[in-house]
Amino acid sequence: MQDLSNTEFTTNNASQHQDVDIKFIVAKIFGNWYWYLFSLILFVGIGILIDIFVSPHYTVTGRVMVTGYNSQGKAITGTDESTVLNKLGLFSVPNSVSNEMEIIHSRTLVEKTVRDLQLNVTYWGQGPIRYEEIYKNSPYFIKLLSLKNITSPVEYDVRVTDDGNKVKFEDEDSDTTFTLSFGDTLHTWYGSWVLVKNDNAVEVGPKHKLGMIINGYAATIYTYMENISAATTNELVNIIDLSISGTTPEKNEDMLKHLIGLYIQSDIADHNKVADSTIAFIDNRLVGVSEDLTSVDRDIERFKKTNKLTDLTNDANELLQTSTTVNQSMADKQVQYKVLDDLEAYLQDDRNNTRIMPTTAPIQDPAFVQTLDKYNSLELQRQTYLQTSTENNPNVKSIDIQLGQLRGDMLSMMRTYKKGINTEQSDLESRNAQMQGSIQKVPTQQRMFLDFTRRQNVLEGLYTYLLQTREQTAVSKSNDIAPIRVIDEPVRAPLPYFPNLVIIIAAAIFLGLLIPSVVIFMRELLNRRVITADDISNYTNVPVVAGISHNKYRKQKIVTNDSGTAIAEQFRALRTNLNFLMPGAGEKTLMTTSSMGGEGKSFIALNLANVLAVSGKKVLLMELDLRKPRISSALHIENIGGFSDYVVSDIKVKDIIKPSNAHPNLYLINSGTIPPNPAELLVHERVEKLFSEVKNEFDYIVIDSPAIGLVTDSLLLSRYADVVLYVIRQRTTYKKQVHIVQGLANERRFKKLDIIFNDIKSIPGYGYGYGYKYRSGYYEDRKPFYKKIFDFGKKKTTGEI
């Protein structure tokens with residue numbers, strides 16, 4: 001005989017199979033309203049506790065505008081004083097918003113802010129509900145003199161003495177206690193600090209709990225760098241939005257204000273370094289040009305005295321006017337060539353390799369201007385690195401390499417530009433040669449005077465250019481307005497962003513509804529047992545002839561003469577259905593079986609036999625589950641002298657038929673002694689004789705057989721049964737075991753096969769899942785709400801026999 005427990009069968013309803021019954025889940029949701037209520041109360045309560053006990057978190061925001069150049073390199077126009085001064089100071093490096101966002105919350109600025117404001121030291125006080133950071137309201141402060149690189153915070157419990165002049169510190173980690181007066185200096189293993197009194201704080205008593213935490217600089221700097229946010233609203237504006245969040249908004253406001261101030265001062269300092277280098281170069285050149293100009297003036301004075309000249313003749317006026325343009329152009333080119341010679345010499349001098357390049361070059365080519373600005377920026381960056389490291393630092397060496405390349409590029413550009421000046425100078429000299437033919441007619445004195453004048457004009461132009469540039473640079477340096485303007489001072493938001501009671505309550509309601517729904521949905525999604533009649537019909541087309549409700553009476557015999565329960569009525573309905581299941585005169589034998597033990601087949605057999613007996617029929621109940629007999633114990637009958645004893649001995653049939661003690665019309669053949677080989681007994685020839693005799697004597701015969709999914713005993717008894725009732729129990733039988741029923745039907749193992757759906761619990765909004773919805777108080781004992789809660793999860797009490 002093949003094992004049917006793991007057999008898969010194809011049914012006509014396979015296409016209707018579904019693992020999740022949405023209607024059932026919806027009914028479960030509405031039926032478990034009390035769990036939703038409990039969940040809502042729980043989560044709303046948790047939300048209220050969070051709102052009460054969690055410190056409020058505020059966001060502090062500020063805005064600054066970069067008034068140099070935007071990220072696309074386009075000039076920002078305006079009439080403010082910063083813009084005017086930048087037009088005069090030709091040496092300021094354009095500001096990129098993206099770069100400025102990185103600079104403003106760089107480690108250097110954040111570290112200086114933390115050290116200046118001692119943000120790594122926090123002061124705490126006991127509030128009405130929780131400890132809170134009291135910041136400026138602390139009755140004491142400490143001034144750090146030195147602090148080692150500590151990796152874990154140092155915490156103190158603090159109390160102010162009765163007289164208010166001393167402070168007691170207790171370190172629970174090291175179990176040390178000390179008391180200091182205001183002004184005292186403490187030297188400890190992690191550093192030293194001075195105790196300072198806060199005269200602006202409200203006086204507190206010795207019982208007021210205070211606390212102080214000293215964190216390492218590295219941890220504090222990292223925390224603030226992660227917490228500070230710098231962003232722009234869009235790429236078309238030069239405005240940077242700064243924000244920081246925390247539980248102490250006053251401290252965060254001070255932090256952002258100080259950070260912005262350091263940022264502005266650092267920008268001004270960088271621009272002043274460029275201006276200082278330019279002024280030094282111009283001063284040096286002014287000395288040389290002034291000496292050359294003085295020499296030319298003396299030569300002119302000596303020439304006039306020697307030749308006794310007081311004025312030029314009118315004959316040369318026309319010639320001078322004609323040559324003025326050519327001479328002026330040649331003078332301009334000579335000035336430019338002279339400046340380029342000086343700058344080239346400056347670049348070639350190794351002593352200037354670590355100095356900022358002057359920006360006096362007359363070259364207006366954008367590539368040269370960009371290269372010069374990049375060179376000065378790298379020079380400033382190199383000086384910054386050298387403040388904290390040596391020239392052997394890889395970063396410094398890398399910058400030196402870049403500076404060398406940039407010096408070569410600028411030298412190449414200058415030489416190219418000088419070649420262009422030479423070409424233009426050649427053209428001018430050619431034109432000037434034509435003029436010289438006419439000048440030959442002028443007296444020798446006049447011609448020599450023109451040479452002196454030309455030299456004087458060149459030197460005067462160069463001197464004027466250098467002097468004007470120096471003044472412009474000095475004006476640019478003297479102003480303290482950086483190309484950054486504070487639009488909005490840092491200020492905290494009026495309301496905390498967390499905890500926000502409205503959001504918390506909304507989230508609590510959402511979770512209060514979501515969590516029970518997810519639990520119910522997942523519970524049903526992972527369920528592999530039969531819950532509703534649809535779970536049966538999806539796997540088999542064998543009809544369900546009856547549904548038996550959950551037995552909450554803790555007894556096995558339910559049906560009596562005066563029973564008025566829902567279960568009793570369902571058994572009476574099953575008795576009525578038997579008239580249609582066994583219409584023939586000779587059909588009187590019923591057999592119950594199931595897929596496995598514990599599905600209630602013995603319970604069904606006992607009560608079905610009893611309801612038939614109550615109707616006036618003479619009924620025989622045969623306990624043929626020889627492996628695990630349970631009916632005898634349910635009827636309190638000693639299990640001796642039964643079926644197994646009859647088969648193996650000469651006992652007569654009438655000797656094993658016993659009154660059931662349940663009803664006068666109900667008789668029992670108990671299983672008898674449990675045999676070692678039940679299957680062999682069931683095929684014994686005396687079994688057929690037994691059934692022949694009892695069919696003549698009784699109106700109905702009800703057989704309680706073993707579970708067919710475990711052993712073959714039920715199949716051996718099937719030839720004696722006119723109808724087989726296959727018991728499927730709600731929340732016990734696996735869905736895959738319903739395939740066994742369809743397999744038996746397909747193979748026609750039984751004459752007639754029907755299903756009884758046992759132990760059905762009503763699902764609010766869904767009924768029993770079969771069609772029985774006994775809602776009246778006559779059939780259903782209703783439980784109060786609180787009993788349903790306490791009964792949740794209790795073990796089933798239906799008879800599992």
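Arg115 forms a salt bridge with Glu111, and the closest N and O atoms of the two are 3.2 Å apart. The structure is a predicted model, and by the rule applied here the count comes to 24 salt bridges. Side chains of opposite charge can pair when their charged atoms come close.

**Salt bridges**

- Arg115 and Glu111 both lie in helix H5, which covers residues 107-117, and they are 4 residues apart, about one turn of the helix. An α-helix has 3.6 residues a turn, so residues three or four places apart point the same way. Arg115 is partly exposed, with a relative accessible area of 40%, and Glu111 is also partly exposed, with a value of 24%.
- Arg382 forms a salt bridge with Glu391, with the closest N and O atoms 3.5 Å apart. Arg382 counts as buried because its relative accessibility is 5%, and buried means under 20%, whereas Glu391, at 48%, counts as partly exposed.
- Lys618 forms a salt bridge with Glu697, with 3.4 Å between the closest N and O atoms. Lys618 lies in the loop between helix H15 (601-614) and strand S16 (619-623), while Glu697 belongs to helix H20 (residues 685-697), so the pair ties together parts that are 79 residues apart in sequence. Lys618 is partly exposed at 28% relative accessible area, and Glu697 is partly exposed at 42%.

**Surface patches**

- A nonpolar surface patch of about 750 Å² is made by Phe510, Leu511, Leu514, Ile515, Val518, Val519, Phe521, Met522 and Leu526. Val519, one of these residues, is found in helix H12 (residues 501-525), and at 48% relative accessibility Val519 counts as partly exposed.
- A negative surface patch is formed by Glu155, Glu170, Glu172, Asp173 and Asp175. Glu155 lies in strand S5 (residues 154-160) and is partly exposed, with a relative accessible area of 43%.

**Helices H4 and H2**

- In helix H4 (residues 97-104), the residues Val97, Glu100, Met101 and Ile104 are buried. Seen down the axis of H4, its buried residues fall within an arc of 105°, so they line one face of the helix.
- Ile50 has its place in helix H2 (residues 33-53), and at 29% relative accessibility Ile50 counts as partly exposed. Although Ile50 and Asn500 are 450 residues apart along the chain, their C-alpha atoms are separated by 9.6 Å.

Notes: Residues are numbered from 1 along each chain as its sequence is written. This is a predicted model: local features need pLDDT of at least 70, side-chain atom pairs count only at pLDDT 80 or more; totals for chains, interfaces and linings use all residues. Side-chain values use heavy atoms; hydrogens and water are left out. Patches are made of residues with over 30% relative accessible area and no salt bridge: like charges are joined within 9 Å, nonpolar side chains (Val, Leu, Ile, Met, Phe, Trp, Tyr) within 5 Å. Accessible areas come from the Shrake-Rupley method with a 1.4 Å probe; for residues, only the protein chains shown count as cover. A salt bridge is a side-chain nitrogen of Lys or Arg within 4 Å of a carboxyl oxygen of Asp or Glu. Helices (H or I, at least four residues) and strands (E, at least two) are DSSP runs, numbered from the N terminus. Buried means under 20% relative accessible area, exposed over 50%, partly exposed in between (1.4 Å probe, protein chains only). Lys and Arg count as positive and Asp and Glu as negative; His and the chain ends are not counted. The place of a charge is taken as NZ of Lys, CZ of Arg, CG of Asp or CD of Glu. The arc is that of the directions from the helix axis to the C-beta atoms.
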